[in-house]
Amino acid sequence: MFGSSQLDSFSGGGFISSQGADPSRTSAKSRDSPPLLPLTVKQISQAIQSSDEKSNFVIDGVDVNNVRLVGMAYKKSERVTDVAFAIDDGTGRIECIRWVNDAVDSKEVEEVSDGMYVRVHGHLKGFQGKIQLVVFAIRPITDYNEVATHFLECIYVHHCYRKPQIQSGHSVSTPSQTDVPAAVSASSSGHNSNQFSGNLSIDGLKGIEKSVIDYLEQPSSLAQEKGIHRNEIAQQLKVPLEKIMDAVASLESEGLVYSTIDECHYKSTSA
Amino acid sequence: MDTSNPAVFVNAELLRLHMGRRVRAVIQVMRSDGGGTVTGQSTDGQQITVKGNPPGPLTTFVEVIGIADGIHSIRAEMWSNFGDTLDTFSYNRICLLANGDYKHLFI
């Protein structure tokens, strides 16, 4: 439909961390949790409480830090140090609390009245078995296209995080073997699934990086203890050396390749 | 947190699938007679009737949330003025997606 290169460069409108979406490469460590997620209250109600101390909730397999909601404000009750209200976005209602520390905060909440469409940014908190939203920013909506746009973004982000999970079924079934004959079939079917996922999923690795890592994962490359010289990679892939160097630097920071006898020889870490 | 009473995004076509349930729709106001009925064009170009008295003057686009009580009619509980310009195509796409592949995010 859209070229996968278009989707790569779009990188989820800032909501998707661009390095973490390739299923065959992703391990928990390389998948950064997104800084902000647009969500519906229904999605929040389906969140799983994670045992991780850093964040409390997991949605679509991703640690949720900050969320954005668009909906109608209700039941606004102003107290001394905070303002409590509920947000109803049409999929459900969630209790929110906005701590008011200074005049700027109180001015912000003054503008909000019951039945008014607002956009809130906040952090999910579990409290007495319920999920609440601790709001750090609330703003009335003036252009109502924001309503449709927010829900489109919720759908898009959800789609992006779900796709790799569906696709990971392909790569998980390919076992990683250390002996050569199995490695041949593993790397070739791994290569196929990479091509397949390259077409359909949002791919964190660019084309050249993929070719480099694929070349380094061939059994002939893996068999060489001293690794492969980057000139050889450039020659074999028919790609200019600077591009190879960029690709290798990026793969190295991902932990996928390492340099061996000198800075020009590289090997894949998956050997 | 309460997800027991969602309002489904609908256009005129999808309204018939949610009879008796709480729905939300954006209409472009065509006629509003004083007797508690507003006729408008839904985001897919078809006409629907909204019963109820709006709380005040209406802008060109209005979102109504209420109960679907006919294949082309909604009994409104709430009215929100959406202004005089709105991208109905996007809103219509939301209606289709929220009733289709991404239903689980909404209802």
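How many bridges join strand E1 of chain A to strand E5 of chain A?

**Entry 1, ground rules.** I am working from a predicted model, where local features need pLDDT of at least 70, side-chain atom pairs count only at pLDDT 80 or more, and totals for chains, interfaces and linings use all residues. Residues are numbered from 1 along each chain as its sequence is written, chains are lettered from A and ligands numbered from 1 in the order in which they are written, and side-chain values use heavy atoms, with hydrogens and water left out.

**Entry 2, strand E5.** I looked up the opening question: E1 (residues 36-38) and E5 (residues 66-78) of chain A run parallel and are joined by 3 bridges. Strands are DSSP E runs of at least two residues, and helices are H or I runs of at least four, both numbered from the N terminus. Two strands pair if DSSP finds at least two bridges between them. Leu36(A) stands opposite Asn66(A) of E5(A), and Asn66(A) also stands opposite His123(A) in E8(A). E5(A) and E8 (residues 117-127) of chain A run antiparallel, with 7 bridges. Ser77(A) faces Ala84(A) in E6(A), and a hairpin through 3 residues joins E5(A) to E6(A).

**Entry 3, a sheet of 3 strands.** I noted an open sheet in chain A with the order E10-E12-E11 and antiparallel pairing. E10 (228-229) and E11 (257-259) of chain A are the edge strands, each with a single partner strand, so one side of each has no neighbour in the sheet. E10(A) pairs with E12 (residues 265-268) of chain A over 2 bridges, and His229(A) stands opposite His265(A) in E12(A). H6(A) lies across E10, E11 and E12 of chain A, at about 80 degrees to E12(A).

I checked H6 (residues 207-216) against H9 (residues 241-254), both of chain A: their axes come within 9 Å and cross at roughly 75 degrees. That makes H6(A) roughly perpendicular (65 to 115 degrees) to H9(A). Axes are lines fitted to C-alpha atoms, for helices over the stretch in contact, with angles from 0 to 180 degrees between N-to-C directions. The contact (heavy atoms within 4.5 Å) includes Ile208(A) and Val212(A) of H6(A) and Ala247(A) and Leu251(A) of H9(A).

I counted 9 helices and 12 strands in chain A. Buried residues (under 20% relative accessible area, 1.4 Å probe, protein chains only) make up 45% of its 271 residues.

Key: Angles under 35 degrees count as roughly parallel, over 145 as roughly antiparallel, 65 to 115 as roughly perpendicular and the rest as oblique. Buried means under 20% relative accessible area, exposed over 50%, partly exposed in between (1.4 Å probe, protein chains only).
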